[in-house]
Amino acid sequence: MSEVKIFSGTNSQSLAERIAKNYGKKLGDLTLSKFSDGELSPSFNESIRGCTVFLVQSTTPPSDNLLELCLMIDAAKRASAYKVCAVIPYFGYARQDRKDRPRVSIAAKAIANMITSAGADRIMTCDLHAGQIQGFFDIPLDHLNGSAIFVPYLNSLRLPDMIFAAPDVGGVARARSYAKHFEVEMVVCDKYRKRANEIASMQVIGDVEGKDVILVDDLVDTAGTLCKAAEMVMEKGANSVRAVATHGVLSGKAYENIENSALEELVITDTITPKQQSSKIKVLTVADLFAKAIHAVTGNTSISSLFI
């Protein structure tokens, strides 16, 4: 079996260090230089010839980080790595997975083509915004699930009357999987958007009176949807409302929105490094989840045990 080496892009340094530590390796030595005009130049400071190389990089903000990842993959291939796996805890552009209006890009497919063309042999990611994006790649893709992180935490809360809620219709399957696991009911917050990141109206479908509501989503960006959904379920008589979301994009006024919301707590993971701290935001790590997945991949064993 070839030697395993783990490296990090600039955007996921702390998470990559935790993944490497949990795997039992020291993070590899990689230099990412930048010319004065912003041109990127990655270089490996140790031999990776014949090695299975894992490159950890979340793609937000997307532009530089995606290009950096592609250049890292290219550099690894040219340095005679045996296999190159792109570990993308948060896969950016996943919200653009189809043509939902005329004359737009299917960006998720374009990015999949870029990463594959750069030379990646395998992709490892977590909670894609749209599951069908797995089919955009013609190479193996390991799609990990954030529920392995959130379920133990929710169990520890011991909420007396838990119920799960999808903050929009697109999240019904995700909320239903949690409800099925905990053997409780679920509700749906149906929203209508005039444009991206702007909600025109929302209504709650289902009974939340006296319940401890858990809103389930894959990512939280401006937090407008989550905060509006939290406000609606509390108006409908919920006892408390929390939210779990794998990817804390948290752009714009997200922190301000969360602090001023009805949310008791927002639980996210470190797939994206938080920009600041908040009394209402709790961060759980996915490092052990990815380390176990790397062990399974390199040992040619199943990753089924990593799913709840």
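Modeller: Helices here are DSSP runs of H or I with at least four residues, strands are E runs of at least two, and both are numbered from the N terminus. This is a predicted model, with residues numbered from 1 along each chain as its sequence is written. Local features need pLDDT of at least 70, side-chain atom pairs need 80 or more, totals for chains, interfaces and linings use all residues, and side-chain values use heavy atoms without hydrogens or water.

Two packed helices are described by the angle between their axes and the distance between the axes. For α1 (residues 13-23) and α8 (residues 287-298), the angle is about 55° and the axes are 8 Å apart (axes are lines fitted to C-alpha atoms over the stretch in contact; angles run from 0 to 180 degrees between N-to-C directions). The two helices are therefore oblique to each other (under 35 degrees is roughly parallel, over 145 roughly antiparallel, 65 to 115 roughly perpendicular, the rest oblique). On the α1 side, the contact (heavy atoms within 4.5 Å) uses L15, R18, I19, N22 and Y23. On the α8 side, A287, D288, F290, A291, I294, H295 and T298 take part.

Next, α2 and α3. Helix α2 spans residues 62-78 and helix α3 spans residues 107-118. Their axes come within 8 Å and cross at roughly 25°. That angle makes α2 roughly parallel to α3. From α2 the contact takes L66, L69, C70, I73, D74 and K77. From α3 it takes I111, M114, I115 and A118.

Now α4 and α5. Helix α4 covers residues 147-157, and its axis lies 12 Å from that of α5, at an angle of about 45°. So α4 is oblique to α5. The crossing of α4 past α5 is right-handed. S147, F150, V151, L154 and N155 of α4 meet Y178, H181 and F182 of α5.

On to the rings. There are 4 aromatic pairs (Phe, Tyr or Trp rings, six-membered for Trp, with centres within 6.5 Å; planes under 30 degrees apart are stacked, over 60 edge-to-face, the rest tilted). One of them joins F7 and F44: the centres are 4.8 Å apart and the planes meet at 85°, so this pair is edge-to-face. It ties together distant parts of the chain, with F7 in strand β1 (residues 4-8) and F44 in strand β3 (residues 40-44), 37 residues apart. F7 and F44 are both buried (under 20% relative accessible area; exposed is over 50%, partly exposed in between; 1.4 Å probe, protein chains only).

F164 and F182 pair as well, tilted, at 5.4 Å centre to centre with 35° between the planes. F164 sits in strand β8 (residues 162-166) and F182 in helix α5 (residues 172-182), 18 residues apart. Both F164 and F182 are buried. Ring pairs also bring in Y178, giving a cluster of F164, Y178 and F182.

Last, the backbone. Most residues other than glycine have a negative phi, and most peptide bonds are trans. The bond from T60 to P61 is cis, with omega near -5°. T60 lies in the loop between β4 (52-56) and α2, and P61 is in that loop too. T60 counts as buried because its relative accessibility is 16%. Leaving aside residues up to four places away in sequence, T60 touches N11, N65, Y90, V249 and I272.

R158, in the loop between α4 and β8, has a positive phi, near 50°. R158 is exposed, at 73% relative accessibility. N300 follows in the segment after α8. Phi of N300 is also positive, near 55°, and its relative accessible area of 72% makes N300 exposed.

Conventions. Left-handed = near helix turned anticlockwise from the far one by under 90°.
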